[in-house]
Structures are given as C-alpha cells and as structure tokens.
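Hello,

Here is the structure I promised to pass on. Please have a look at it alongside the notes below.

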Amino acid sequence: MPRWALPAAVAGGVLGAIQSRVNADLAAALDDGFVAAAISFGSGLVLILVLLVFLPRVRTLARAFVGDLRSGAFPWYLALGGLGGASFVLGQGLTVGLVGVALFIVCVVAGQTVTGLVVDRTGLGPGGVRHLTPTRLVGALLMVASVALAMSGGIATDAPWYLLALPMVAGVAVGLQQGVNGRVSQHSGHFVVATLGNFVVGTTALVIAALVHVAVVGAPQPPPANPLLYIGGALGVAFIALAAHLAVPLGVLTLAMSTIAGQIIGSVVIDAIAAPGHLTPFTIAGTVLTLVAAGVTASRPRRV
C-alpha cells in the first residue's frame, strides 16, 4: 500500500465534509434540495467532460468500457455507483441544514461501515475477498455505537423521520459505490472512467428527481449569486475520483474508515464555525468515538 494512500483518503473525506455544507447552503438558498443536488452533480459532470478534452487516453478507455457494458463483458449493475453519490448529495441538501454536518456525517458512517464490511467479505470490491478480523468487527460495532451516542442527546427539529434516516441510507449507498467504483477503475484501466460513469448516472437520476419535484411543488427560488455555492460539483469530482483510485490499494473498508476520519474532522470544524448550535456534547463525543473506531477498523491484526 503506498504511503500516501491513507493521507489522501483522509483529505478526500475533508472535501466531502466541505461539500456537505456547500450543498446544504445551496439547497437553503434555492429552497429546494432536489434542484440543488441536480446542480451540484450536473456541474461535476460538466467539469469531468471538460477534463476529458485534455485526456485522450481516458476517452479511449471510456469508449472501450462502454463497449464492454454493451457486450456484457462487464456487469451493467456494477456501473451504477453514481446512484450512491446521488443519494449522498441529495441527503446533504435535505438534511444537513436540519441536523448539521457533524451529525449527518456520523449517521452516514453507520451505513457506510456495515456496508464496507459486507463488500470486503463478499469480494464485491476490486481487491477480492478480504477476511473479517476481530478488530474490524469491534471497529464496526464502535462505529455504530458512535451514531447512537451522537443522536442520544436528541435532535432539535420537527423533520420527518425518513429525512433523518436518509443519511444512514446514503451511507449504505456510498459503501456500495466505493466497492463498484473500484471494480470499474480496475476493469477500465483508469479511475477517471469510474468517475465519469458516476456523474453520468448520478446526474441523470437527480435531474429526473428534480423535474418530478418541481412539477409537484413548484419552481425553486432564483439561483443565488454567490459563486462559492456552486463548487459542490468540483468537490464531488475530487472526492469520488480519490475514492475510485484508492479502493484497490486500500480495500473498501479501510478506504471508508480513512475518508470517514477526514469527514468527521472536517464536519466538526465546519459546524463549530458555521452552525455551533448543532454541536452538542453528545455529537462531539460520538465524533470522537468515530475516529477511535476508524483507527481500530483500519488496523491490521492476524486473520481469522
């Protein structure tokens, strides 16, 4: 495993936390989380397409990968990782403003951790089957306990229960996304191919969802003038590309734990600055336990 892999994964997690705040603020400005998610993912797709102009080799690999999908040489369902990213971005816009970045990330962690265990054990990820160990199981239990602790102080919101459950569902989707993205990177020969596929699938799903939502509830508010509210797509490109590239050397679970550490650190700092009211003692204690769990789970004891 390259020495830079773990620090890069942590840095990617910090970018994910920043993206959560940016997308939540865009959703608040538009008064529509669905449209905000579509804008975020759509801008990321535009950025990827621009980058492809300067990457002829990646264009060739992408065309070959599409051919493999059509011929059945690569299973089509493993190319749907973008749905995981779409659910994560949609969750940002719908729930971060209600519960804060830190609690959102901690809830995502629960689903992501359990899914990472399953993906590694079943061999769905690019590294094949990675055996469970006592420390990995303990780390996963600690991770789930951190969510219970973070939420035990109560949530000062009247949001429907399904919106509060959305971060956990997004965590499951992200765990699956990291596994299948690694498979796409491995098969296609380049992580940018996996990133491109993510944004094509995710943007398509989110645009359809946004159109349906607008048809039902009406148009959103006018687009805000602040350019910083539109950088979520670029942050998402960096986050997904790093994850797709690092899934092979790290494995899905270690990748998840490393990005989680970055997300937790970034989210606590962001909430402390932008939304201090969301940082209760229980949330802080839960985030600390999450970091402990990430360290335990990413350690390398003997196999069982």
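This is a predicted model: local features need pLDDT of at least 70, side-chain atom pairs count only at pLDDT 80 or more; totals for chains, interfaces and linings use all residues.

Residues are numbered from 1 along each chain as its sequence is written, and side-chain values use heavy atoms, with hydrogens and water left out.

Let me begin with the helices (DSSP runs of H or I, at least four residues, numbered from the N terminus). Helix α1 (residues 5–30) packs against helix α4 (residues 82–99) at about 65°, and their axes lie 8 Å apart. Axes here are lines fitted to C-alpha atoms over the stretch in contact, with angles from 0 to 180 degrees between N-to-C directions. On the α1 side, the contact (heavy atoms within 4.5 Å) includes Gly 16, Arg 21 and Ala 27, and α4 brings residues including Phe 88 and Gly 93.

Arg 21 also forms a salt bridge with Asp 25, at 3.2 Å from N to O. The term means a Lys or Arg side-chain nitrogen within 4 Å of an Asp or Glu carboxyl oxygen, and the count comes to one. Asp 25 and Arg 21 are about one helical turn apart because four residues separate them in α1.

Finally, Val 46 belongs to helix α2 (residues 33–53).

Best wishes

Notes:
Helices (H or I, at least four residues) and strands (E, at least two) are DSSP runs, numbered from the N terminus.
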